[in-house]
Amino acid sequence: MGYTDQRFDVNLSILFTELPLLERPAAAAAAGFTAVELWWPWIDTATPEQSELDALKKALEDAGTQLVGLNFYAGQLPGPDRGALSVPGEESDRFRANIEVAAGFAASVGCKALNALYGNRVEGVDPQIQDTLALENLVLAARAADRIGAILLVETLNKPESPLYPLVSAPSAIEVVDKVNAATGLGNAKFLLDIYHLSMNGEDVSQVIAEYAAKTGHVQIADNPGRGAPGTGDLPLEQLLDELRKAGYDGWVGLEYKAADAAASFAWLPAEARAAR
């Protein structure tokens, strides 16, 4: 068991960020990885030019990397925003405009998981209004994902770093997942289990795994404290990933940690265990 038994991918929106976007897939490949994931790469627009989408597709293919996870448009991320789909007005409109763009791009590169960040609470707006809007938008996103044979992911973040984000516990995200599946009847909404965020919230990660592994569609890791590579903090990441595997999860584990030198940060994972299996 342990790390060598997992399927890892590199999050190119937090690692290799010293490089231009189109050079990052090749950098991940040079480090031995064949699978990558991305936050929505164009934070200023939900609907980039087709030429930009084509260039990213070519960069992924030229590097021999498979995109296994993609966020829908999420506002200024990294930055103050934590998604757009529950934010009334222009941000919700941008999210809706992005749904077919993101799903179309995912389909073009064979990506089977789309992550929809819920969005922050907005001062002066009734949370119920935001939640109703969120469900409408998540249903649209789930249907678009289903059309390309993909799953829709709903993620828990952590309250210390995202104080306005309402989904800051595993049960709160699971509740949204269940509501989306009930509304669509598709069953393709899944939980994005981010071990770092759960631990920052003080949750019992082993308990979350035991309860929700069957509803989990993607996993992300970083050590805590510090959000660094495995071994830089004190989380028992190897043990937790083993627990996930034993609970039936055999999907991707995204490396969503910070490192000043990404290539040097992978020393914890033997080179022969980095390519997707």
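Predicted model: local features only at pLDDT ≥ 70, side-chain atom pairs only at ≥ 80, totals over all residues.
1. The surroundings of Glu91 deserve a careful look. Its side chain makes a polar contact, at 2.5 Å, with the side chain of Arg94. When neighbours within four places in sequence are set aside, Glu91 is in contact with Tyr73, Gly75, Asp81 and Ala84.

2. The largest pocket has a volume of about 330 Å³. It is lined by 20 residues, of which Trp39, Leu77, Arg82, His197 and Arg227 are the closest to its centre.

3. The lining of the largest pocket may also be described by class: six residues are nonpolar, eight are polar and six are charged.

4. The second largest pocket holds about 220 Å³ of space. Its lining consists of 14 residues, and the closest to the centre are Tyr118, Asp131, Glu175, Val176 and Lys179. By class, this lining has seven nonpolar, three polar and four charged residues.

5. Which helix gives the most to the lining of the second largest pocket? The answer is H4, with six residues. Helix H4 (127-147) and helix H5 (170-184) each supply at least two residues of that lining.

Conventions: Residues numbered from 1 in each chain as written. Heavy atoms only, no water. Polar contact = N/O pair within 3.5 Å; in protein donor to acceptor, adjacent residues only side chain to side chain. Contact = heavy atoms within 4.5 Å. 1 Å grid on protein atoms, 1.4 Å probe; cavity = no way out; pocket = protein on both sides within 12 Å on 5 of 7 lines; lining within 4 Å. Points joined across faces, edges and corners; volume = space filled by probe spheres on them. Nonpolar A, V, L, I, M, F, W, Y, C, P; charged D, E, K, R; others polar. Helix = DSSP H or I, 4+ residues; strand = E, 2+ residues; numbered from the N terminus.
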